[in-house]
Amino acid sequence: MERFLKYINSIPFQLTVKHYYPLKRNLDSKESWDILRRSHPHFSISEDRGEWLEAAEGKVKKDGQDGGFIQRAREITELIDKLGIKSVFSVGVGGAGLEYQIKKAKPELKLICSEYSPVAVERLKKVFVEADSIVPFDMREDSWQKFYAVDLVLMYRIDIELTNNDFLRMFQKMHEGGIKNILFIICGRLTLRGLLNRFYQRFWWKIGGTNYAFAGYLRTIATFPPFWKNLYTGKELDFGGLKGFLLRKTDSNVS
Ligand SMILES: C[S@@+](CC[C@H](N)C(=O)[O-])C[C@H]1O[C@@H](n2cnc3c(N)ncnc32)[C@H](O)[C@@H]1O
């Protein structure tokens, strides 16, 4: 019975729903992220190294992070070691707390961090001095070819930002650009309980006059694999309570 209820709760089919958050404006462009990064303490990236480290060490919560990201970084580092990965290109890093923890555990790893928000790039350059480089990169628009030699692309909690069509186009472009390995960790899977909670929450926001706005997409686990079908083979993994997939290019010879 318990297994059956878990199965039902997982919503075992493809489903994408819009996600809303108490914000003044929709979060759907780099400009909207820049405004949020400048104005909202929960999403700000400090230019002060000490303050930034407090967030990167999990003492202050940012960007809807759960407390598990330090343990998650350890698990990612173990996987990196197991696979013999020497270089990582991480996209949409935000405040880069996870990436800081990975670099701290493995200083010899070549770590390139990227963001499409100019505010995030400019601020991280000042505070994340351990990163090998911090570059502007739009995962939807930019060419992946430049990064074909990187051993692993890390995509951590960026799924919420893209439409289903964006995903299909992006994985195609990554495959064409020669990206061999991808570690894709999702923000949070959509479950039946989560869906009902969201309806309930929005009802109370409406009743209470709380402003809320569009902040991306949430998906069931079954929604993801079709995005990379015939391009990458995916292995489902768990990283400190968040679901992820290790994707290997289907025609790649890498170990
Ligand atoms: C939910 S936040 C996650 C940030 C960070 N990875 C974390 O887990 O704390 C999503 C991030 O993706 C970035 N982003 C959104 N669309 C993007 C795009 N097309 N290309 C690159 N980054 C993008 C946003 O600027 C934001 O920092």
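The model is a predicted one, in which local features need pLDDT of at least 70 and side-chain atom pairs count only at pLDDT 80 or more, while totals for chains, interfaces and linings use all residues. Residue numbers start from 1 along each chain as its sequence is written. The secondary structure of the protein chain amounts to nine helices and nine strands, where helices (H or I, at least four residues) and strands (E, at least two) are DSSP runs numbered from the N terminus.

**Overall dimensions**

- The protein chain has a radius of gyration of 18 Å, which agrees with the value near 18 Å for a compact globule of 255 residues; the radius is taken over C-alpha atoms, and the globule rule is 2.2 Å times the number of residues to the power 0.38.
- Taken along the principal axes, the C-alpha atoms of the protein chain fill a box of roughly 50 × 45 × 35 Å.
- Of the 255 residues, 34% count as buried, a class that requires 20 or more other C-beta atoms within 10 Å of the residue's own, with exposed meaning 12 or fewer, partly exposed lying in between, and C-beta atoms placed from the backbone.

**The sheet**

- Seven strands form an open sheet in the order E4-E3-E2-E5-E6-E9-E8, with mixed pairing, two strands being paired if DSSP finds at least two bridges between them.
- Strand E4 (133–136) and strand E8 (232–239) stand at the edges with a single partner strand each, so one side of each is left without a neighbour in the sheet.
- Strand E2 (residues 87–91) pairs with strand E3 (residues 110–115) in the parallel sense over four bridges, and Ser 87 has Lys 110 in E3 as its bridge partner.

**Helix H5 and Ile 102**

- Helix H5 (residues 97–105) lies across E2, E3 and strand E5 (152–156), and runs at about 175 degrees to E3; axes are lines fitted to C-alpha atoms, for helices over the stretch in contact, and angles run from 0 to 180 degrees between N-to-C directions.
- Ile 102 lies in helix H5 and counts as buried, with 24 C-beta neighbours inside 10 Å.
- Leaving aside neighbours within four places in sequence, Ile 102 is in contact (C-beta atoms, placed from the backbone, within 7 Å) with Ala 73, Ile 76, Thr 77, Leu 109 and Leu 111.

**The ligand shell**

- The ligand is surrounded by 20 residues, of which the closest are Gly 92, Gly 94, Tyr 116, Arg 157 and Glu 161; a residue is near a molecule if its C-beta atom, placed from the backbone, lies within 6 Å of it.

How values were computed: Two residues are in contact if their C-beta atoms, placed from the backbone, lie within 7 Å.
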